[in-house]
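Subject: Structure handover

Hello,

Here is the structure I promised you. Please open it and keep it beside this email as you read.

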Amino acid sequence: MTGHVTAPPAAPADRLPQWVTLLRAPNPGPMTLEGTNTWLLRAPDAARAVVVDPGPADEGHLAAVAASGPVGLVLITHGHPDHTEGAPRLSDLLDGVPVLAVDPAHTLGGDPLTGAAGQLDGYGLGIDLIATPGHTADSVCLLVSYGTERVVLTGDTILGRGTTVVAHPDGHLGDYLTSLERLSAYQGIPALPGHGPALADCGAAADFYLAHRRARLDQVRAAVDAGARTAPEVVATVYADVDRSLWWAAEWSVRAQLEYLGVEQP
């Protein structure tokens with residue numbers, strides 16, 4: 001539990017609703033896994049679809065998303081470029097379709113997403129916002145339903161493989177733990193993450209992440225008690241099993257952990 005996690009945090013989904021389509025962007029890497037997952041959601045017989053996370057500004061990918069239209073709405077789970085960079089171009093390709101995000105900087109042709117927005121019009125789909133700050137301050141998940149079928153789009157709050165980074169200082173560990181506790185309520189509902197494979201159980205994945213984060217916090221406490229004083233020193237101790245090329249990302253999480261524990265940092 002306390003080592004570097006590379007496996008899925010819950011069982012992979014063996015099937016998804018027929019109204020869910022994955023269009024993966026060609027931007028694989030250590031932080032994006034196989035690439036950014038762009039999700040196309042279309043209720044049966046609906047005139048328009050909903051796109052979640054357009055991905056990078058890759059013309060071929062955006063053209064493929066646009067060709068899957070008509071699309072009535074584009075939603076953003078959080079503002080990192082691998083999820084948002086292609087949004088303005090996709091909106092242009094779709095004749096000005098609104099792009100809605102929590103952050104006004106990534107919102108086009110509509111109002112930013114807020115908790116007050118409640119359920120969105122998903123062209124035959126029910127879309128409920130779940131506030132899940134922590135990975136970033138603007139992170140949001142989406143509970144999408146059609147009939148008795150439901151899925152949770154988790155952005156980078158829950159990944160399809162491995163664990164996510166708390167992107168300090170924008171990300172906040174206390175908020176992230178609260179968000180995971182919120183997502184643990186969605187037991188048995190598939191999770192559609194921003195990267196990696198779809199998972200069969202959002203609640204189980206959230207529970208796994210909570211246990212892993214708490215175990216990491218115990219390791220960080222122990223490292224500080226043993227004399228580690230800076231984030232790089234904690235990383236070298238706690239994340240020794242992680243490839244050094246990723247220590248910069250681990251340092252983000254460590255800074256968030258030290259802040260959470262009230263440890264002053266230089």
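A residue counts as buried when its relative accessible area is under 20%. Over 50% is exposed, and in between is partly exposed. Keep in mind that this is a predicted model.

**Helix 6**

Start with helix 6, residues 231-238. Its buried residues are A231, V234, V235 and V238. Look down the axis of helix 6: these buried residues fall within an arc of 100°, so they line one face of the helix. What lies over them? The cover for the buried residues of helix 6 includes helix 5 and helix 7.

**Helix 1**

Now go to helix 1, residues 59-67. Here H61, L62 and V65 are buried. Seen down the axis, the buried residues of helix 1 span an arc within 95°, so they too line one face. Their cover includes strand 1, strand 2 (37-41), strand 3 (49-52) and helix 3 (87-93).

Which residue caps the N-terminal end of helix 1? That residue is D58. One of its side-chain oxygens lies 3.3 Å from the backbone nitrogen of G60.

**Salt bridges**

A salt bridge here needs a side-chain nitrogen of Lys or Arg within 4 Å of a carboxyl oxygen of Asp or Glu. By this rule, the count is six.

Take E149 and R15. They form a salt bridge, with the closest N and O atoms 3.7 Å apart. This pair links distant parts of the chain, 134 residues apart. E149 sits in strand 9 (residues 149-155). R15 sits in the segment before strand 1 (20-24). R15 is exposed, at 52%.

Next, find D218 and R221. Their side chains meet in a salt bridge, 2.7 Å from N to O. Both residues lie in helix 5 (residues 202-225), three residues apart, about one turn of the helix. D218 is partly exposed, with a relative accessibility of 47%. R221 is partly exposed as well, at 37%.

Then look at E251 and R255. These two form a salt bridge, and their closest N and O atoms are 2.9 Å apart. Both belong to helix 7 (residues 247-261) and are four residues apart, about one turn. E251 is partly exposed at 22%. R255 is partly exposed at 25%.

**A nonpolar patch**

Stay with helix 7 for a moment. W252 lies in this helix. W252 is partly exposed, because its relative accessibility is 33%. With M31 and W248, W252 makes a nonpolar surface patch of about 300 Å².

Last, find T178 in helix 4 (residues 173-183). T178 is partly exposed, with a relative accessible area of 37%. How far apart are the C-alpha atoms of T178 and Q219? They are separated by 20 Å, and the two residues are 41 residues apart along the chain.

Best wishes

Definitions and conventions: Residues numbered from 1 in each chain as written. Predicted model: local features only at pLDDT ≥ 70, side-chain atom pairs only at ≥ 80, totals over all residues. Heavy atoms only, no water. Helix = DSSP H or I, 4+ residues; strand = E, 2+ residues; numbered from the N terminus. Buried < 20%, exposed > 50% of the residue type's maximum accessible area, 1.4 Å probe, protein only. Arc of directions from axis to C-beta. Contact = heavy atoms within 4.5 Å. Polar contact = N/O pair within 3.5 Å; in protein donor to acceptor, adjacent residues only side chain to side chain. Patch = residues over 30% accessible without salt bridge, like charges linked within 9 Å, V, L, I, M, F, W, Y side chains within 5 Å. Areas by Shrake-Rupley, 256 points an atom, 1.4 Å probe, with all protein chains shown as cover.
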